[in-house]
Amino acid sequence: DAGITQSPRYKITETGRQVTLMCHQTWSHSYMFWYRQDLGHGLRLIYYSAAADITDKGEVPDGYVVSRSKTENFPLTLESATRSQTSVYFCASSEPGQGNTIYFGEGSWLTVV
Amino acid sequence: AQSVTQLGSHVSVSEGALVLLRCNYSSSVPPYLFWYVQYPNQGLQLLLKYTTGATLVKGINGFEAEFKKSETSFHLTKPSAHMSDAAEYFCAVSMDTGRRALTFGSGTRLQVQP
């Protein structure tokens, strides 16, 4: 039972470069989410998706792009990375009717230098 | 709009002592409430959740939480702390409609002293 797989787990990139964080889930959950975790802020929602080809902004979407061409994949792209995007990124998924329980991946640690 | 406040960014208890982590929420409608735990360099694991029904919810690892609507609280407790409980704990709220995303508190780091 693979669940949610994120890749890469660790990444160092330079300011201005494009970076894509991958997320794959094996449960066929309808909803998928991207959160970032920063000290003192808990987790904040970047983008979410209710189904394939349906995405919407969360609290902190600026500088990020998402797509969802297939139910199981939800990549997050930083179009031009900035130091303020240094963070831990978590992908998550859920299925309506399961008490809205959201399941998280192991996280991707991104450092922008 | 929903929000979650966790009182105390750091809590330290002795092994065997009571653990109490506080969480208050604001929501215009009855929410779903969650506690997640995060161990170092890992993702978030669900401890327990409240959706409807019984207001005292039991979770994994001996934790429980009580939903008090009048106080808009969902405090997490464990009668006797264990060294393995040392971790970061997050309270979160969501709705069963709309975007269904979790809104998190800023977290409480629990230290357990021997």
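What follows is a short briefing, grouped by topic. Keep in mind that this is a predicted model. The main stops are an open sheet of four strands in chain A, an open sheet of five strands in chain B, and the largest pocket, with about 420 Å³ of space.

**The sheet in chain A**

- Start with the open sheet of four strands in chain A, where the order is 1-3-8-7 and the pairing is antiparallel.
- Its edges are strand 1 (4-7) and strand 7 (64-66) of chain A, and each of these pairs on one side only.
- Going from one strand to the next, the twist averages 15°.
- For a closer look, pick strand 7 of chain A, which runs antiparallel to strand 8 (residues 76-78) of chain A and is joined to it by three bridges.
- If you want a residue pair to click on, A:Tyr64 has A:Leu78 in strand 8 of chain A as its bridge partner.

**The sheet in chain B**

- Over in chain B, an open sheet of five strands runs in the order 1-3-8-7-6, again with antiparallel pairing.
- Strand 1 (3-7) and strand 6 (56-58) of chain B each have a single partner strand, so one side of each has no neighbour in the sheet.
- On average, and ignoring direction, neighbouring strands of this sheet are turned by 20° against each other.

**Strand 8 of chain B and its partners**

- Strand 8 of chain B is mostly covered, with five of its six residues buried.
- On one pairing, strand 3 (residues 19-26) of chain B runs antiparallel to strand 8 of chain B, and four bridges join them; B:Asn24 has B:Ser73 as its bridge partner there.
- Strand 7 (residues 64-68) of chain B also runs antiparallel to strand 8 of chain B, with five bridges between the two, and B:Lys68 stands opposite B:Ser73.
- Strands 7 and 8 of chain B make a hairpin with four residues between them, and B:Thr72 in the turn has a positive phi of about 45°.

**A closer look at B:His75**

- B:His75 sits in strand 8 (residues 73-78) of chain B.
- Is B:His75 buried or exposed? B:His75 counts as buried because its relative accessibility is 19%, and the cut-off for buried is under 20%.
- A polar atom of the B:His75 side chain lies 2.9 Å from the backbone nitrogen of B:Cys23.

**The largest pocket**

- The largest pocket holds about 420 Å³ of space.
- Strand 4 (31-38) and strand 9 (87-94) of chain A, along with strand 9 (87-94) of chain B, each give at least two residues to the lining.
- By type, the lining divides into seven nonpolar, 10 polar and three charged residues.

Definitions and conventions:
Residues numbered from 1 in each chain as written. Chains lettered and ligands numbered in written order. Predicted model: local features only at pLDDT ≥ 70, side-chain atom pairs only at ≥ 80, totals over all residues. Heavy atoms only, no water. Pairing = 2+ DSSP bridges. Axes fitted to C-alpha atoms, helices over the stretch in contact; angles between N-to-C directions. 1 Å grid on protein atoms, 1.4 Å probe; cavity = no way out; pocket = protein on both sides within 12 Å on 5 of 7 lines; lining within 4 Å. Points joined across faces, edges and corners; volume = space filled by probe spheres on them. Nonpolar A, V, L, I, M, F, W, Y, C, P; charged D, E, K, R; others polar. Buried < 20%, exposed > 50% of the residue type's maximum accessible area, 1.4 Å probe, protein only. Polar contact = N/O pair within 3.5 Å; in protein donor to acceptor, adjacent residues only side chain to side chain.
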